[in-house]
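Subject: Structure handover

Hi,

Here is the structure I promised to pass on. Please open it alongside this email.

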Amino acid sequence: MKYDVKKIEPKWQKKWEDARIFEAKDFDKKPKFYGLVEFPYPSGAGMHVGHIKAYSSIEVVSRKRRMQGYNVLNPIGFDAFGLPTENYAIKTNTHPRVITDKNIHHFTQQLKSVGFSFDWSRVIDTTDEDYYKWTQWIFLKLFEHGLVFRDTTLVNYCPHCKVVLSNEDSQGGKCDICHNDVIQLPKKVWYLRITKYADKLLEGLKDVDYPENVKQQQVHWIGRSEGAFVNFSVKGTDDSLRVYTTRCDTLFGVTFMVVAPEHPLLDKHKDQIRNWDELENYRKECAKKTEFERTQLVKDKTGVRLEGLTAIDPVNGKEIPIFAADYVMMGYGTGAIMAVPAHDQRDWDFAHKFGCEIIPVIEGGDIEKEAYTGDGKMINSDFLNGYTNKKDSIRKMLEVLEERGIGEKGVQYKMKDWAFNRQRYWGEPIPLIHCPNCGIVPVPYDQLPLKLPKLDNFEPGQDGQSPLARVPEFVNCTCPKCGGKAQRETDTMPQWAGSSWYFLRYCDPHNEQAFADPDKLKYWMPVDWYNGGMEHVTRHMLYSRFWHRFLYDIGEVPCPEPYKKRTIQGLILGSDGDKMSKSKGNVIDPVDIVDQYGADTLRTYVLFMGDYSAAAPWNDSSVKGCRRFLDRVAGLTDLISDDRSKTDKLEAAVHRTIKKVSDDIETTKFNTAIAAMMTLINEISAVGAISKEQFETFVKLLCPFAPHLCEELWEFTGHEGFCSLAPWPVFDESKTIEDEIEVAVQENGKLRTRITIKKDATKDEAIAAAKEALAGRLTGTIRKEIYVPGRIVNFVVSR
Ligand code: ANZ
Ligand code: ZN
């Protein structure tokens, strides 16, 4: 058949759309499959080949599932609030609504041109009022359950984007949007209490099928630490200095204490601190550093000793100095530590620089050189002396601390609460009201959505205030509780709000009464297979698991975990091996590939380019290779034949390919699935014929990858329905067991030749065949004939 891409691809895209074959049916009797991809941010740059690779995995699995008889939900939507659009809006003085609509339209055209089998009747856009109404609704539920709070703290602030960033959005001390340095600023911040869900988020990982590195990253990010809180009294005051330690067994080795430069103890005892000016200067220096810089394990520690303020060790009554130093963070534990320089390297480095005492309490190592962090026998430790391991010592010390009321067991998490506000325009308004009489009052549920007012000037204020603060009609309201004059919150939600629950909305996207109908949720949830990027593992994946678990706890969703299985796609690099980026000029536009080679080639290539989860460079000649492969598939129509004597030879190869392709799709080994089909083509060419049945099997196997071509070939062979809905080929193991075998023919144990015989040949048949093969070439008289079934015929001869 002639492979006319330009004709075939639009033709089938239209037929699929007209017949609505990819629309999921709620409550269908068939088993359900919910496949999910991370929905795109509709940026002005349009789609990237990386999007195509990311979506192609679930696309192939969804198509296979349909052919296997599943009722498939394979939805798509747009995560459209956020800074890139807003910044572009400011730059071009165009409303973000206009830009968003234009970009979504563009993305839709692009996605459709690739022939993805999305259910286009369920498209969602997080900036739709009908959608963000429910984002606000979930926020109010969180508020109602005490999971929203406000605090003045040091925040990660990007002076360039003029926004407060969450920890997740400023990893490594860089703004995730503009990549500039983030600074620390005191601000009033709305938080979601995700830390309250830390243990549930950890436990939930036991029941899901995620790659090990994905689980590990989440475990690490949550950073559960078990230890103890211990109270030291501050000499001459009724204050105590509370510390968090994972090593309360080393309490007798404490020789000083360190508080974070921002610790409130300092201001409280200003009068007692004789070197206040020095301390003030030091604090100013520290404020310039990012948290990332402060937590780096640099040897050269800085700090200031508080003159006039000391602490008392609660186990031995010893008086010890207190320092302020920036290697102690205000945001972890209590913002203060007990320093044990003999057994903690940071404390050891600090002690060396500031001339503090070093008292070993565990035997081992050479503490002249470095801190000893290993296990060993306890020394210099009163009631702990003689204990030989950390575990027992800690248990004993905890007992004593609790007995004497100076400390207790405690758990800490590295993960912090989720900073949940932005002083920007293009986001969901936070539905809260500040009332002078009643305090914080939620917007009543029946007043949702709290709509984003239409503005002409969406630039953030110089004072870091949201543009909404400049709109009196938005700000001024009446308090829903007391009816008095009140003011609306003007901050908006962060980029990650809308994506924290979007997979639920797909189950029932047009519902006006609820975020989704409970029965539909029960039918579709959980997501059976979710594919996405590694960059979302410690943000979107944690945030959405948190929201979902919360909704489960309040009875709004049917299952505790949203995603049964998660897979990861690797990046597509430029052909130079660098990251694809505009600045490097190595970006491949998927539309160009569709234009030049066709969507089926693009789809096949992004899955053929290597191990799916690994990064791989773009390779033009391999793209051409994929196109040639599809050309050869189209050419197979010329080889369709009734000649069983030829085509029977292919039967085993066809069934081996069914098995390989079926299995490889399940384990995201798409590249080897495609390679197996390429091998089969070679075998078909060698035989020079293919039966109609074998041809149809081949077309069905390839259909999830190159569906346009396969539909055309399906039609060519006389079918009226869609190949996309034809039953997936069934693997028959008996067909792969070849019925002929090769046997060695020997004389006195030496190989003379090889023969091919029927697998179930008798001894007589095997020997007869061997004699025929050696006819006239025997070197002596046969004395004995030996047959090792299926392997060897040996003639013992005498000469
Ligand atoms: C005494 C000690 C002795 C410690 C020893 C360690 C080893 P993780 O596992 O990360 O929870 N620490 C506590 N709060 C801190 C803060 N805000 N900034 C910097 N460091 C802090 O580590 C907990 C340990 O980190 C705590 O245990 C404390 O030092 C330090 F041989 O206390 B340790
Ligand atoms: Zn009020």
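Below is what was found, from the overall build down to single residues.

Overall build. This is a predicted model. The protein chain has 799 residues, and 42% of them are buried. It holds 26 helices and 27 strands. The C-alpha trace spans about 115 × 75 × 50 Å along its principal axes. Take the contacts between residues at least 6 apart in sequence: 70% of them join residues at least 24 apart.

An unreviewed UniProt entry labels residues 39-181 "domain: Methionyl/Leucyl tRNA synthetase". In the model, that stretch is 44% helix and 15% strand. Its end C-alpha atoms lie 28 Å apart.

Ligand 1. There are 17 residues around ligand 1. Ser225, Thr245, Arg247, Gly333 and His343 come nearest. Two strands, β9 (240-245) and β13 (336-339), each supply at least two residues of the shell. By class, the shell has seven nonpolar, eight polar and two charged residues.

Helix packing. Helix α1 (residues 5-19) packs against helix α24 (residues 707-716). Their axes are 9 Å apart, at an angle of about 90°. That falls between 65 and 115 degrees, so α1 and α24 count as roughly perpendicular. On the α1 side, the contact is made by Ile8, Glu9 and Trp12. On the α24 side, His708, Leu709, Glu711 and Glu712 take part. The contact has three nonpolar, one polar and three charged residues.

An enclosed helix. How many of the ten residues of helix α18 are buried? Ten of the ten are, so α18 (residues 599-608) is largely enclosed by the rest of the structure. Gly610 follows α18, and its phi is positive, near 150°.

An exposed residue. Is Asp277 buried or exposed? Asp277 sits in helix α9 (residues 276-287). It has 9 C-beta neighbours inside 10 Å; a residue with 12 or fewer is exposed, so Asp277 counts as exposed. Asp277 and Ala634 are 357 residues apart in sequence. In space, their C-alpha atoms are 82 Å apart.

Best wishes

Conventions:
Residues numbered from 1 in each chain as written. Chains lettered and ligands numbered in written order. Predicted model: local features only at pLDDT ≥ 70, side-chain atom pairs only at ≥ 80, totals over all residues. Buried ≥ 20, exposed ≤ 12 C-beta atoms within 10 Å, placed from the backbone. Helix = DSSP H or I, 4+ residues; strand = E, 2+ residues; numbered from the N terminus. Near = placed C-beta within 6 Å. Nonpolar A, V, L, I, M, F, W, Y, C, P; charged D, E, K, R; others polar. Axes fitted to C-alpha atoms, helices over the stretch in contact; angles between N-to-C directions. Parallel < 35°, antiparallel > 145°, perpendicular 65-115°, else oblique. Contact = placed C-beta atoms within 7 Å. UniProt positions renumbered as here; feature names shortened; annotations may be inferred.
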